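Here is a short report on one structure, written for a first look. Keep the 3D view open while you read, and find each part as it comes up.

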Amino acid sequence: MTTPATATGTRKQLVRVASGQGFWGDWLEAPRRQVEGGDVDYLMLDYLAEVTMSILQKQKERDPNMGYARDFVGAVESVLPAIARRGVRVIANAGGVNPPACAAAIRAVAQKHGVSGDVRIGVVTGDDLLPRLDDLIAGGHPLANMETGDALSTVRDRVLSANAYIGSTPIVEALGKGANVVITGRSTDTALTMAPLRHEFQWAADDWDKLAAGIIAGHIIECGAQCSGGNCLYDWQGIPDLANVGYPIVEGHPDGSFVIYKHPGTGGRISVPSVTEQLVYEMGDPRSYITPDVIADFTSIHLEQAGENRVRVFGITGRPPTDSLKVSIAYRAGFKAVGTLVYSWPDALPKAELADRVLRERLDRLGLKFEHILTEFVGVSATHGRLAGEAHDPPEVQLRVGVRGPDRAAVERFTRELIPLVLNGPPSVTGFAGGRPKVEEIVAYWPALIDKRVVQTRVEVLA
Amino acid sequence: MNVRLLDIAHARSGDKGDTANVGVIALRPEWYPVLERYLTLERVARHFDGVIAGPVERYELPNLRALNFLLHGALDGGGTLSLKTDAQGKVFSTAMLRMVLDIPDEEARSLRLPGTKSRRAYSRSPKE
């Protein structure tokens, strides 16, 4: 089904896929640095986290031309010369819940710079299940929560968005039709990297080992610099020049092996330890990394240092995928607020503890009911709990109290009870300049599975 | 001999719903068998007792000299529901590395495992 990768039909022997964004909010400089730092064939931009879709859905409800990752427009603008003149192709799941609107914005920016003739936008749709949700439930697809087993009907009236995670096939199709900017909705992060490798090397849809290799290449670079020295614990003090950190690039080969590297002259470090840290990030059962395209086996991965800031990855195996797609559903799940105050030496911790007791007693006397109240002492035990051991007279402690519950008014009232402690609670308190905590509506994540056959993706390449 | 996990391994953690995963990686290839033998499911469950609400799962990746642990019920509901500072389980990795393992003296000596007073292996000789 794939078309030859080049006009002559000869396959490339080497394809470079650069990661330019690990999440929506990642470094704005990264996409441009990836195309200007050296030759690359593809720029891969990952924008979607689990709850991003619901934020985008809310934006689309307010304005039907919204609902996509707006950062992507600026990113494309920053790399337009590379797309239009140097043949770099861009693949991104920036379409969110509105890929056509995202495409229109990209077309407008190409027109503004007089290169619309050189930008061929491929749009992948079909992942959005929200308009079909009631039909699907009625048709015998309960969309039960993968963690709790509850049927979706229990929260149906609070659902904000529902999107199937889709794989590489529609992206490969868009590339085959000549698109040089491919925009998807909720495609998997890993498919954004695997698709160009599959397209260029013409890997068959059942060549499980190679597809698995492409998926693992995607997993390694999908979090941007997190495999090239960012958030790296191993020898963190010895990692050079993080200010100038190089984002990772996959140099793929037809046999499924690949090298992770970064542009020369950039900071950070690509080493077996840095890549291993990223491989285990968010890992479940390592033998079964399930994607729509293939199940990849992380116990088959071999790594070797193949030069400075180059790690070779080989030996990867995969097996056929399941008959299901994962569905990312977001629903309204009540309200929360989190507030903080800082207590200083002497006796910083006992003061913060007393403030917490006073606050809780007042909430109690007001008869406020919450699903949960959580108190943390930042600087003492917030992240490691009792494992942190005894606090030794810290210079200051941040009291951090959060509440959540279905009743917005109760959460609102909590935010009014915290700050008065500055004048009517224990002494030596500061750090309240931010004022009252903000009440947030909780949009929670509901993972489910659906029969693959009911999800049909569509690919359109805009003329 | 008491050996701090921090001195023989590095780690990264992340989340999947209300579950935190912690990947623990041997600092030197020859130290991986120590992790395999002594960083047991029971030992990790005991370490996080009272810190997490659910059970622990353990997976081996000898090819990466790593173990992967799933800590269920670790994130106060996880994602946007969680009220925790570490709602995404980003630093369960370092909480894991606080563990002190009791390794038989002879084994510790033959593998040149650092005692609790030594400096970390990678502080001495970064190879890359």
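## Two domains in chain A

In this predicted model, the C-alpha centres of domain 1 and domain 2 of chain A lie 39 Å apart. Domain 1 is made of two stretches, 15-127 and 165-322. Domain 2 covers 330-442.

## The ten-stranded sheet

Chain A has an open sheet of ten strands. Read across it, the order is β11-β12-β8-β7-β1-β2-β3-β6-β4-β19, and the pairing is mixed. The edges are β11 and β19 (458-461) of chain A. Each has a single partner strand, so one side of each is left without a neighbour in the sheet. Neighbouring strands are turned by 20 degrees against each other on average, direction ignored.

What holds such strands side by side? Strands of a sheet pair through backbone hydrogen bonds, either parallel or antiparallel. Take one pair from chain A. Strand β3 (residues 89-92) and strand β6 (residues 181-183) pair in the parallel sense over three bridges. Within this pair, Ile91(A) has Val182(A) in β6(A) as its bridge partner.

## Helices around α7

The crossing is right-handed. On the α7(A) side, the contact is made by Ala191(A), Leu192(A), Thr193(A), Met194(A), Leu197(A) and Arg198(A). On the α8(A) side, the residues are Leu211(A), Gly214(A), Ile215(A), Ala217(A), Gly218(A) and Ile221(A). By class, the contact of α7(A) with α8(A) has eight nonpolar, three polar and one charged residues.

A further neighbour is helix α6 (residues 169-176) of chain A, whose axis comes within 8 Å of that of α7(A) and crosses at roughly 50 degrees. This makes α6(A) oblique to α7(A). Here too the crossing is right-handed. From α6(A) come Ile171(A), Val172(A), Leu175(A) and Gly176(A). They meet Ala191(A), Ala195(A), Pro196(A), Arg198(A) and His199(A) in α7(A). The residues of this contact divide into six nonpolar, two polar and one charged.

## Helices α10 and α11

Which residues join α10(A) to α11(A)? Leu359(A), Arg362(A) and Leu363(A) in α10(A) meet Phe414(A), Glu417(A) and Leu418(A) in α11(A). This contact has four nonpolar, no polar and two charged residues. α10(A) and helix α11 (residues 408-418) of chain A pack at an angle of about 140 degrees, with their axes 10 Å apart. That makes α10(A) oblique to α11(A). α10(A) passes α11(A) in a right-handed crossing.

## Two backbone details

Look at the loop between β14 and α10 (348-365) of chain A, where Pro346(A) lies. A cis peptide bond joins Trp345(A) and Pro346(A), with omega about 0 degrees.

Now go to the loop between α8 and β7 of chain A, which holds Asn231(A). Phi of Asn231(A) is near 50 degrees, a positive value in a residue other than glycine.

## The sheet of chain B

Chain B has an open sheet of four strands. The order is β2-β3-β5-β4, with antiparallel pairing. Its edge strands are β2 (9-16) and β4 (56-61), and each pairs on one side only. The twist averages 20 degrees from one strand to the next.

β2(B) and strand β3 (residues 19-26) of chain B pair in the antiparallel sense over eight bridges. Ala11(B) has its bridge partner, Val24(B), in β3(B).

## Where the chains meet

How many residues of chain A are in contact with chain B? There are 47, and they touch 35 residues of chain B. Several elements of chain A each supply at least two residues to this side: α9 (272-279), β11 (302-305), β14 (324-344), β15 (372-378), β16 (396-405) and β18 (440-451). β18(A) gives the most, with five residues. The residues of the side of chain A that touches chain B divide into 22 nonpolar, 13 polar and twelve charged.

Key:
Residues are numbered from 1 along each chain as its sequence is written. Chains are lettered from A and ligands numbered from 1 in the order in which they are written. This is a predicted model: local features need pLDDT of at least 70, side-chain atom pairs count only at pLDDT 80 or more; totals for chains, interfaces and linings use all residues. Domain bounds come from an automatic or database domain assignment. Two residues are in contact if their C-beta atoms, placed from the backbone, lie within 7 Å. Ala, Val, Leu, Ile, Met, Phe, Trp, Tyr, Cys and Pro count as nonpolar, Asp, Glu, Lys and Arg as charged, and the others, Gly among them, as polar. Two strands pair if DSSP finds at least two bridges between them. Axes are lines fitted to C-alpha atoms, for helices over the stretch in contact, and angles run from 0 to 180 degrees between N-to-C directions. A crossing is left-handed if the near helix is turned anticlockwise from the far one by less than a right angle, and right-handed if clockwise. Angles under 35 degrees count as roughly parallel, over 145 as roughly antiparallel, 65 to 115 as roughly perpendicular and the rest as oblique.
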